[in-house]
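Please keep the sequence and the model in view while reading.

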Amino acid sequence: CEGEPVVLLPGQQQSQVLQGNTTAYKDDYKAPIKFDCAAVTQTGGKDRVYEVVAGANGMVTATVGYDVNGTTNLCEQDGLISPGCWNYVLYVSGPDTCDSMTKKLSNTIACSDKNLFGPESVTFAVESGKHYYIVIDGYAGYDLGYGSYNLNLTLQ
């Protein structure tokens with residue numbers, strides 16, 4: 001699924017932080033209509049995909065909307081002028097459930113779209129060596145529907 005590969009190893013003292021930006025990407029994926037995600041998915045929200053492989057069985061927590069330390073809410077700190085403050089949707093499919101021809105993700109196992117502008121977080125079980133797809137998506141194509149982010153990943 002054209003996801004940027006990430007390997008998570010157990011026992012890391014802190015979160016692995018991936019910095020990125022969805023601005024240059026397309027609207028290839030849609031948030032699922034289940035869990036705590038939006039009941040209506042608008043179009044135009046640019047998205048970024050990470051293909052995560054866990055180095056051990058455990059629980060992965062993924063968050064967006066915080067600084068690189070994973071502690072400061074960028075929207076609260078800097079307001080809507082922050083390039084890291086936008087309407088995130090965060091969801092996960094897996095294991096090994098991406099059809100690269102149709103760019104369709106199936107078997108959604110976690111999703112978060114709780115905050116209009118602010119952090120989103122998901123926690124999900126992983127099996128060692130399996131592939132999981134984490135999607136950072138914008139809710140819509142307007143200016144505050146995409147931007148920069150810090151994806152904080154922890155395997156416990």
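**Strands, sheets and cross-links**

Thr 154 belongs to strand β11; helices (H or I, at least four residues) and strands (E, at least two) are DSSP runs, numbered from the N terminus. The model is a predicted one, in which local features need pLDDT of at least 70 and side-chain atom pairs count only at pLDDT 80 or more, while totals for chains, interfaces and linings use all residues. Residues are numbered from 1 along each chain as its sequence is written, and side-chain values use heavy atoms, with hydrogens and water left out.

With a relative accessibility of 19%, Thr 154 counts as buried; the term buried stands for under 20% relative accessible area, exposed for over 50%, and partly exposed for what lies in between (1.4 Å probe, protein chains only). Neighbours within four places in sequence aside, Thr 154 is in contact with Ser 15, Met 59, Val 60 and Thr 61, where contact means heavy atoms within 4.5 Å. Its C-alpha atom is separated by 9.3 Å from that of Thr 123, a residue 31 positions away along the chain.

Asn 152 also has its place in strand β11. At 4% relative accessibility, Asn 152 is buried. Not counting residues up to four places away in sequence, Asn 152 touches Ser 15, Gln 16 and Val 17, then Thr 61, Ala 62 and Thr 63, and finally Asp 67, Val 68, Asn 69 and Gly 70.

Which sheet contains strand β11? It is part of an open sheet of four strands in the order β2-β11-β4-β9, with antiparallel pairing; two strands pair if DSSP finds at least two bridges between them. The edges of this sheet are β2 (16-21) and β9 (120-126), each of which pairs on one side only. On average, and with direction ignored, neighbouring strands here are turned by 20 degrees against each other; the axes are lines fitted to C-alpha atoms, for helices over the stretch in contact, and angles run from 0 to 180 degrees between N-to-C directions. Strand β4 (residues 58-64) is joined to strand β11 (residues 148-155) by four bridges, and the two run antiparallel. Within this pairing, Thr 61 stands opposite Thr 154.

A further sheet is also open and consists of five strands, in the order β1-β3-β10-β5-β8, with mixed pairing. Its edge strands are β1 (4-8) and β8 (108-112), each pairing on one side only. The twist from one strand to the next averages 20 degrees. In general, strands of a sheet pair through backbone hydrogen bonds, either parallel or antiparallel.

The strand pairs of this sheet can be followed in turn. Strands β1 and β3 (residues 47-54) run parallel and are joined by five bridges, with Val 52 in β3 as the bridge partner of Val 6. Val 52 has its bridge partner in β10 at Tyr 132. Six bridges join β5 to β10, again in an antiparallel arrangement, and Ser 93 stands opposite Tyr 133 of β10. Seven of the eight residues of strand β10 (residues 131-138) are buried, so this strand is largely enclosed by the rest of the structure.

The structure has one salt bridge, defined as a side-chain nitrogen of Lys or Arg within 4 Å of a carboxyl oxygen of Asp or Glu. It is formed by Arg 48 and Glu 4, at 2.5 Å from N to O. Because Arg 48 lies in strand β3 and Glu 4 in strand β1, the pair ties together parts that are 44 residues apart in sequence. Arg 48 is buried at 12% relative accessibility, whereas Glu 4, with a relative accessible area of 33%, is partly exposed.

One disulfide is present, a disulfide being a pair of cysteine sulfur atoms within 2.5 Å. Cys 75 and Cys 85 form this bond, with their sulfur atoms 2.0 Å apart. The pair links Cys 75 in helix α1 (residues 74-78) to Cys 85 in the loop between α1 and β5 (88-93), ten residues apart. The torsion about the S-S bond of Cys 75 and Cys 85 is about 110 degrees, so the disulfide is right-handed. Both partners are enclosed: Cys 75 is buried with a relative accessible area of 13%, and Cys 85 is buried at 2% relative accessibility.
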